[in-house]
Structure formats: C-alpha cells, structure tokens
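Here's a quick tour for anyone meeting this protein for the first time. Take a look at the sequence and the fold, then read on.

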Amino acid sequence: MTLKIGVIGTGMIGRDHTRRIQQVLAGAEVVALSDVNVASAETVRKDLAPNAKLYDTGEALIAAPEVQAVLVTSWGATHEPYVLAAIAAGKPVFCEKPLATTAEGARRIVDAEVRFGKRLVQVGFMRRYDAGYVALKHAVENHTGAPILVHAAHRNPAVPEAYVTPMAIHDTMIHEIDVFRWLLNDDYVSARVLYPRNAARSHTKLRDPQVVVLETKKGVLIDVEIFVNCAYGYDIQCEVVGEEGTARLPEPMTVDMRLGAKRQSTILTDWKDRFVASYDVELNDFIAAASKGGATGPSAWDGYAAAVTSDACVQAQESNGQAVAIELPPRPALYA
C-alpha cells in the first residue's frame with residue numbers, strides 16, 4: 001500500500017521532504033500541497049509532485065479524504081493548530097520542530113493526543129536518526145558505564161544580523177536539548193548560561209559564544225558550547241564521560257589528505273550536508289508507522305519537554321549565571 005501524504009508548507013524543508021518522498025523513499029507519495037505562498041506550492045507541484053492537488057489552507061488539506069498522513073513544514077506559529085487538526089482527524093502527522101512556539105502550546109498537543117488514546121505525532125528531531133549518534137548511544141549503553149559528564153559543541157560558520165541571543169536556544173541548541181534526553185535516557189532539572197567575551201564577528205543583539213550547563217535527574221552535568229559565528233565551518237561535537245571510559249561522536253566521513261607538507265581534511269559548512277542521511281531515515285520511519293495508522297520516533301511529549309527546557313535556558317540567559325529550575329509534570333502513560 002502506498003501512503004498518501006499531504007504537505008503543508010513548501011519552503012526549503014517542505015520542498016526537500018517532498019523530493020525525499022517522491023524520489024528517494026518507497027511506500028509513499030505526495031498527493032496534496034498547501035502554502036500561503038501559492039506560487040511556492042505550484043512550483044513544488046510542477047517540479048516534484050505533478051499529481052498533487054493544491055489546497056488553499058492547511059485545514060482543508062488535512063480534511064481532504066485522499067490525505068492519509070500529514071507533514072507540517074510551515075512556519076513555526078502554524079504548527080500547533082495544524083497538528084491539533086490532524087489529531088482531531090485521526091491522521092498521523094510529522095511536524096518539523098518546533099512542535100509549538102510555546103510550552104503551553106506543546107502541552108495542548110500532548111493533551112489532545114492523550115485524549116485520542118493513540119500516538120499520531122512524530123516531531124522532526126532528526127539527530128536521533130543520525131548514524132553517528134546511534135553508534136554513540138550504543139557505546140554509552142553498552143561499554144562506557146553510567147554517564148557522568150557530557151561535553152558538547154554546536155558551531156556555525158555565521159548567522160545573519162536578525163539572529164539574536166535567544167535564538168541560540170530556540171533555533172540552535174534545540175537539537176542538543178532533545179538528543180541528550182534520548183542519548184542519556186534522562187530528564188533535565190536545571191539550566192545555567194555563562195558568557196565569555198563576545199566574539200569579534202558577533203553584533204550588539206547577540207551574545208556569542210555562550211555555554212549552557214544542564215543538570216539531569218541522574219546527576220549528569222552537560223556543558224554545551226554554542227558558537228554561531230565560528231567562521232571555520234559547521235561543527236557538531238559530543239563526548240560522553242562514563243564510569244568505565246569515554247565515547248565521542250564520530251566525525252562525518254571525509255578524506256584525509258597529506259598535501260603541501262600538511263595533513264588536512266574538509267570540514268562541512270552546511271547543516272543540511274551534515275545530517276542529510278538522517279532526514280531520509282526519520283521520514284522512512286514516519287512512513288512505516290503512518291502506514292499502520294500511528295507514529296513512532298520523537299513524540300509530542302519529547303517536543304513538550306524540549307519546549308519547557310528551551311524556555312528555562314532562555315530565562316537562564318538573563319539570570320547572571322544562576323541556575324533556573326526545569327520542571328516537567330509526570331509523563332503520561334501513552335509515552336511510557
């Protein structure tokens with residue numbers, strides 16, 4: 001059976017997911033498209049999904065009888081109402097992060113899914129599907145002993161002037177926030193943010209770099225360097241220190257060259273290149289589960305936990321290095 005998918009939002013990520021479904025993955029096809037920019041939807045249909053029907057609104061697409069599952073790749077403020085509509089319609093829905101723009105909105109999605117009584121939502125935290133992180137999790141769970149410390153870095157070559165300090169959490173570190181909960185099978189209890197001097201390439205509305213320190217329920221300390229104007233490339237680092245040893249996230253595969261009296265290798269500069277394969281795997285996971293009428297992978301609860309943690313980290317940015325508590329209510333049985 002071929003799963004019939006409707007895509008809401010045909011910008012960069014919506015277009016790329018449509019290409020992925022139409023040209024890379026098996027078992028699904030895009031049968032419906034919607035975007036507030038009609039020209040964008042028309043272009044994606046012309047280039048990638050010529051048999052797809054265009055809908056004026058995301059709500060109309062969700063209600064369409066030919067649509068069996070929904071991808072929400074529109075701008076962040078629209079995610080909550082579209083996901084809620086998909087749950088109400090009983091249709092599996094893949095939502096790119098953020099699940100909602102507020103923790104309260106994410107909790108409304110959790111509550112709606114719990115009332116429905118079945119998992120329908122998968123959130124687009126693709127790092128859980130990255131081969132390097134999967135290998136790291138295996139090492140942590142089977143070889144290096146109980147985790148004690150995590151040292152991590154998220155570096156971008158540059159960001160535009162519109163990028164301001166809170167975006168280092170909501171737009172950049174959000175992926176670390178989710179993947180470390182999954183990697184450690186743990187939840188956070190507090191967050192602190194520390195600042196060195198500002199880098200020369202930063203600007204007046206951006207403190208860069210910054211270091212976020214998270215503490216977990218099991219007593220693990222996590223330090224994450226966020227440096228979004230590092231200049232040299234896109235670089236993701238992670239080392240877990242355990243009772244018996246350490247485990248480090250593998251570097252992306254690259255050719256090691258000895259050239260001109262130097263040993264050198266290429267560093268990526270684009271996040272899409274770094275995690276391109278994980279996008280394929282996560283959507284394949286969604287297609288497999290949605291074909292059976294449900295969802296697996298990162299859940300609405302994971303999206304909610306990430307939102308609560310993000311809000312605490314942003315509060316910590318203004319707390320002069322003091323810890324800010326992170327409090328989650330009991331996890332509903334649906335997400336056990």
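This is a predicted model: local features need pLDDT of at least 70, side-chain atom pairs count only at pLDDT 80 or more; totals for chains, interfaces and linings use all residues.

Residues are numbered from 1 along each chain as its sequence is written, and side-chain values use heavy atoms, with hydrogens and water left out.

The chain splits into two domains, with bounds that come from an automatic or database domain assignment. Their centres, taken over C-alpha atoms, sit 27 Å apart.

About 1400 Å² is buried between the two domains, and carbon and sulfur atoms give 67% of that. Buried area here is the accessible area (1.4 Å probe) that two parts lose on being put together, summed over both. On the domain 1 side, Lys97, Ala103 and Phe125 supply 38% of the area buried against domain 2, more than any other three residues.

What about salt bridges across this interface? The rule (a side-chain nitrogen of Lys or Arg within 4 Å of a carboxyl oxygen of Asp or Glu) finds zero between domain 1 and domain 2.

Helices (H or I, at least four residues) and strands (E, at least two) are DSSP runs, numbered from the N terminus.

Now for the sheet. Seven strands form an open sheet in the order β12-β11-β7-β10-β9-β8-β15, with mixed pairing; two strands pair if DSSP finds at least two bridges between them. At the edges stand β12 (246–248) and β15 (324–325), each with a single partner strand, so one side of each has no neighbour in the sheet. Strands β8 (residues 188–194) and β9 (residues 210–216) pair in the antiparallel sense over six bridges, and arginine 192 stands opposite valine 213 in β9.

Finally, the structure holds 21 salt bridges. One of them links glutamate 141 and lysine 137, whose closest N and O atoms are 2.9 Å apart. These two are separated by about one helical turn, because they lie four residues apart in helix α6 (residues 131–142).
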